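Work through the exercises below with the sequence and the model in view. Each task is followed by a solution in steps.

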Amino acid sequence: MDKELLVSVCDLQKSFGEREILRGISFDIHRGDVVCVIGPSGSGKSTLIRCVNFLEHPTGGHIEYRGQNVMEAFKKLTLFRTKVGMVFQSFNLFNNMTVLENCMVGQVKVLGKNKDEAKATALKYLKHVGMDSYVNAKPHQLSGGQKQRVAIARALALEPEVLLMDEPTSALDPEMVGEVLRVIRDLAKEGLTMVIVTHEMAFARDVSNRVIFIDQGVIAEEGTPEQIFGSPKNQRTRDFLSRFQNN
């Protein structure tokens, strides 16, 4: 049985002035997919994920959600972003709000939930990521790993169909990386649809069902983890992975 198609990236192009970052990227995201996007620094990975969420607007191509062009189907992109959520490298929590308030504000302002309903949902997902005992803390009182877990809970509280993650462990000290990866692994086991830009190769190999290798703004190779990590066809993929294996 074919899995439900949620998002299609169609011939996506992005330039900043004369500099071409993405050159004709196309791929589909089906329900239950865990897609890991890997590649060298500067290859366009973060730009891609930001274009899918329209934090950056493509200069060519388009994004479809459930078969509809996002720019035509959604008058408010904030509503689309509740369907296709985002977790950032640098947490982006509101420093003047408590952990609980951070996880409530989007539900109230974007989804129109009342505060009691938003609080219940926020507590549910904070517990899910092991942060329910920190509801009254402010972000400055948390470690990097704790902040990222709150950021994940905040995104989950909007109950998106797809969750995008842009290098979710890159801003963390090494000892904090594991706690965030454990949360993401658990979400994958539960069937949450995710697209994750990551430099954690072991994580990409073990958790994803599909790996996309981006190089110089194009998809150089795409396949299962077994194909990409076991027998990559593209020489640039092989060179990239060998650098990680040799470090």
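A residue counts as buried when its relative accessible area is under 20%, as exposed when it is over 50%, and as partly exposed in between. The model used here is predicted.

**Exercise 1. Cysteines**

Task: Find how many disulfides the model has, and decide whether C36 is buried or exposed.

Solution: Begin with the cut-off, which asks for two cysteine sulfur atoms within 2.5 Å. By this rule the model has zero disulfides. For C10, the nearest cysteine sulfur belongs to C51 and is 13 Å away. For C36, the nearest cysteine sulfur is again that of C51, at 19 Å. Next, turn to accessibility. C36 has 0% relative accessibility, so C36 is buried. C10, at 18%, also counts as buried.

**Exercise 2. α5 against α6**

Task: Describe how α5 and α6 cross, and list the residues that meet.

Solution: Two packed helices are described by the angle between their axes and the distance between the axes. Here α5 (residues 115-128) and α6 (residues 144-157) have axes that come within 9 Å and cross at roughly 135 degrees. Because of this angle, α5 is oblique to α6. The crossing is right-handed. On the α5 side the contact uses T121, Y125 and L126, and on the α6 side V150, A153, L156 and A157. Sorted by class, this contact has six nonpolar residues, one polar residue and no charged residues.

**Exercise 3. α6 against α7**

Task: Give the angle between α6 and α7, and name the residues in their contact.

Solution: The axes of α6 and α7 (residues 174-189) come within 8 Å and cross at roughly 20 degrees. Angles under 35 degrees count as roughly parallel, and α6 and α7 are therefore roughly parallel to each other. Their crossing is right-handed. From α6 the contact takes G144, G145, Q146, Q148, R149, I152 and L156, and from α7 it takes M176, E179, V180, V183, I184 and L187. These residues divide into seven nonpolar, four polar and two charged.

**Exercise 4. α4 against α6**

Task: Treat α4 and α6 in this way, giving angle, handedness and contact.

Solution: α4 (residues 99-109) and α6 have axes that come within 8 Å and cross at roughly 25 degrees. The two helices are therefore roughly parallel. α4 passes α6 in a right-handed crossing. V99, N102, C103 and Q107 of α4 are in contact with V150, A153, R154 and A157 of α6. By class there are five nonpolar, two polar and one charged.

Note on methods
Residues numbered from 1 in each chain as written. Predicted model: local features only at pLDDT ≥ 70, side-chain atom pairs only at ≥ 80, totals over all residues. Heavy atoms only, no water. Axes fitted to C-alpha atoms, helices over the stretch in contact; angles between N-to-C directions. Helix = DSSP H or I, 4+ residues; strand = E, 2+ residues; numbered from the N terminus. Parallel < 35°, antiparallel > 145°, perpendicular 65-115°, else oblique. Left-handed = near helix turned anticlockwise from the far one by under 90°. Contact = heavy atoms within 4.5 Å. Nonpolar A, V, L, I, M, F, W, Y, C, P; charged D, E, K, R; others polar. Buried < 20%, exposed > 50% of the residue type's maximum accessible area, 1.4 Å probe, protein only.
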